[in-house]
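User: I would like to go through the labels assigned to this model and check each one against its cut-off.

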Amino acid sequence: MEFQCDACDISVEHDPSKNQMAMPRGWRMHTIKGKKFLLCSECGSTASFSDGIAPFLKELLHQKHGIDFSDND
């Protein structure tokens with residue numbers, strides 16, 4: 001099964017039946033501005049959310065999905 005990051009478009013093949021993990025290691029679903037996104041281990045890391053949403057992630061989500069962020073997001 002192919003998984004693709006909703007922010008950076010990296011994709012990986014992952015078979016959940018082989019290691020009993022639903023998603024590749026480190027990948028997570030995040031709800032941002034009321035929408036759900038599948039993010040890879042880089043884009044969805046705790047560092048990307050430690051002090052609000054990281055600027056690089058805001059830019060990627062704006063470019064790909066048209067999500068507007070304020071300075072307070």
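Analyst: The questions below take the labels one at a time. This is a predicted model, in which local features need pLDDT of at least 70 and side-chain atom pairs count only at pLDDT 80 or more, while totals for chains, interfaces and linings use all residues. Residues are numbered from 1 along each chain as its sequence is written, and side-chain values use heavy atoms, with hydrogens and water left out.

User: Why is the contact between Lys 64 and Asp 9 called a salt bridge?

Analyst: The term requires a side-chain nitrogen of Lys or Arg within 4 Å of a carboxyl oxygen of Asp or Glu. For Lys 64 and Asp 9 the N to O distance is 2.4 Å, so the pair qualifies. The structure holds one salt bridge.

User: What makes this pair a tie between separate parts of the chain?

Analyst: Lys 64 lies in helix α2 (residues 55–65) and Asp 9 in the loop between β1 (2–4) and β2 (11–13), so parts 55 residues apart in sequence are tied together. Helices (H or I, at least four residues) and strands (E, at least two) are DSSP runs, numbered from the N terminus.

User: How do you know that the buried residues of α2 line one face?

Analyst: Leu 57, Lys 58 and Leu 61 are the buried residues in α2. Seen down the helix axis, the buried residues fall within an arc of 105 degrees, so they line one face; the arc is taken from the directions from the axis to the C-beta atoms. These residues pack against β3 (28–32) and β4 (35–39), where contact means heavy atoms within 4.5 Å. The face turned away carries the exposed residues Pro 55 and Gln 63.

User: Why is the pair of Phe 3 and Trp 27 called edge-to-face?

Analyst: Rings of Phe, Tyr and Trp (its six-membered ring) pair if their centres lie within 6.5 Å; planes under 30 degrees apart count as stacked, over 60 as edge-to-face and the rest as tilted. Phe 3 and Trp 27 are 6.5 Å apart centre to centre with 70 degrees between the planes, so the edge-to-face label applies. Phe 3, at 8% relative accessibility, counts as buried, as does Trp 27 at 7%.

Notes
Buried means under 20% relative accessible area, exposed over 50%, partly exposed in between (1.4 Å probe, protein chains only).
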